[in-house]
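Please look over the following structure with its sequence beside it. The briefing below goes through selected helices, their packing and the nonpolar cores, grouped by topic.

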Amino acid sequence: RLILHIGLNKTGTSTIQHSLLMNDARLGEAGFHLPDRLGRKDGAHHFVVTMLRDIGPEAFLEQIRKDNASPATIVSAENFLEVLREPAKAKALGEALMPYFETEIVLFLRRQDYLKESVFAQVAKGGFRGTIHRHNRFIYDFEPYVVNLELAFGRSNIKLVIYRDD
């Protein structure tokens, strides 16, 4: 079983990744494998996903299967959507993983209006000057990404989770 955690920006992903890292041994005892983060100290698998983007699904598959005798693997990274936003790349990843893993995608989303407020607060703290309309680094239209995931992995393998501000 493979769990791909895709936390869009501002959905608590860093906290989840830190918790996975801090509980690595306990998760291992419970049958979960967390692949090598390739030098990252924060718990994120960004470099593993960069490998997927730059080299391809086979390199990603090799990395997550390395030293893995556990029944379940967890990979967590915000940058999955850099790769999965392209239908052909999403499909190629699905085809590479399906023979080896029962794959579950967990995608955290945040209401766009709350996301925009949180982005404003973050960039204002960093000294951003200008209108928030010009700051478009974050994804606000989720539908194309979800459609690509559904086509590549099947709707039943995707779990959408709404980040709650409360």
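In this predicted model, Gln17 counts as buried, because its relative accessibility is 2% and the cut-off for buried is under 20%. Gln17 belongs to helix α1, which covers residues 13-22. Once its neighbours within four places in sequence are left aside, Gln17 is in contact with Asp42, Gly43, Ala44, Ser76, Ala77 and Glu78.

**Helix α1 around Gln17**

- Besides Gln17, the buried residues of α1 are Thr13 and Leu20, and, seen down the axis of the helix, the buried residues of α1 fall within an arc of 60°, so they line one face.
- Ser14, Thr15 and Met22 are exposed on the other side of α1.
- The cover over the buried residues of α1 includes the strand β1, the helix α2 (24-29) and the strand β3 (72-76).
- Gln17 and Gly7 lie 10 residues apart along the chain, and their C-alpha atoms are separated by 9.7 Å.

**Helix α8 and its buried face**

- Helix α8 runs over residues 143-153, and its buried residues are Tyr145, Val146, Asn148, Leu149, Ala152 and Phe153; viewed down the axis of α8, these buried residues fall within an arc of 160°, so they line one face of the helix.
- Glu143 and Leu151, by contrast, are exposed on the other side of α8.
- The elements against which the buried residues of α8 pack are β1 (2-7), α5 (80-84), α6 (87-97), β4 (103-109) and β5 (158-162).
- Asn148, which has its place in α8, is buried with a relative accessible area of 8%.
- With neighbours within four places in sequence left aside, Asn148 is in contact with Leu84, Arg85, Glu86, Pro87 and Ala90.

**The nonpolar cores**

- In soluble globular proteins, nonpolar side chains tend to be buried together.
- The largest nonpolar core here has 30 residues, and the members that touch the most other members are Phe60, Phe80, Leu84 and Leu97.
- Two or more residues of this core come from each of β1, α3 (46-54), α4 (57-65), α5, α6, β4 and α8, and α8 gives the most, with five residues.
- Leu84, not counting residues up to four places away in sequence, touches Ile6, Ala90, Leu93, Asn148 and Leu149.
- There is also a second, separate core of seven residues, which includes Ile3, Leu27, Leu34 and Phe108.

**How the helices pack in pairs**

- The axes of α6 and α8 are 8 Å apart, and the two helices pack at an angle of about 35° in a right-handed crossing.
- On the α6 side, the contact with α8 is made by Pro87, Ala90, Lys91, Leu93, Gly94 and Leu97, while on the α8 side it is made by Asn148, Ala152 and Phe153.
- The axes of α4 and α6 come within 9 Å and cross at roughly 40°, and the two helices are therefore oblique to each other; the crossing in which α4 passes α6 is right-handed.
- Pro57, Phe60, Leu61 and Ile64 of α4 make this contact with Ala92, Leu93, Ala96 and Leu97 of α6.
- The helices α3 and α4 pack at an angle of about 150°, with their axes 6 Å apart, and that makes α3 roughly antiparallel to α4, because angles over 145 degrees count as roughly antiparallel.
- Where α3 and α4 meet, Val48, Met51 and Leu52 come from α3, and Pro57, Ala59, Phe60, Gln63 and Ile64 come from α4.

**The loop between α3 and α4**

- Gly56 is found in the loop between α3 and α4, and this glycine is buried, with a relative accessible area of 9%.
- From C-alpha to C-alpha, Gly56 and Ser118 are 33 Å apart in space, and in sequence 62 residues apart.

Definitions and conventions
Residues are numbered from 1 along each chain as its sequence is written. This is a predicted model: local features need pLDDT of at least 70, side-chain atom pairs count only at pLDDT 80 or more; totals for chains, interfaces and linings use all residues. Side-chain values use heavy atoms; hydrogens and water are left out. Buried means under 20% relative accessible area, exposed over 50%, partly exposed in between (1.4 Å probe, protein chains only). Helices (H or I, at least four residues) and strands (E, at least two) are DSSP runs, numbered from the N terminus. The arc is that of the directions from the helix axis to the C-beta atoms. Contact means heavy atoms within 4.5 Å. A nonpolar core is a set of buried Ala, Val, Leu, Ile, Met, Phe, Trp, Tyr and Cys residues joined through side-chain atoms within 4.5 Å. Axes are lines fitted to C-alpha atoms, for helices over the stretch in contact, and angles run from 0 to 180 degrees between N-to-C directions. Angles under 35 degrees count as roughly parallel, over 145 as roughly antiparallel, 65 to 115 as roughly perpendicular and the rest as oblique. A crossing is left-handed if the near helix is turned anticlockwise from the far one by less than a right angle, and right-handed if clockwise.
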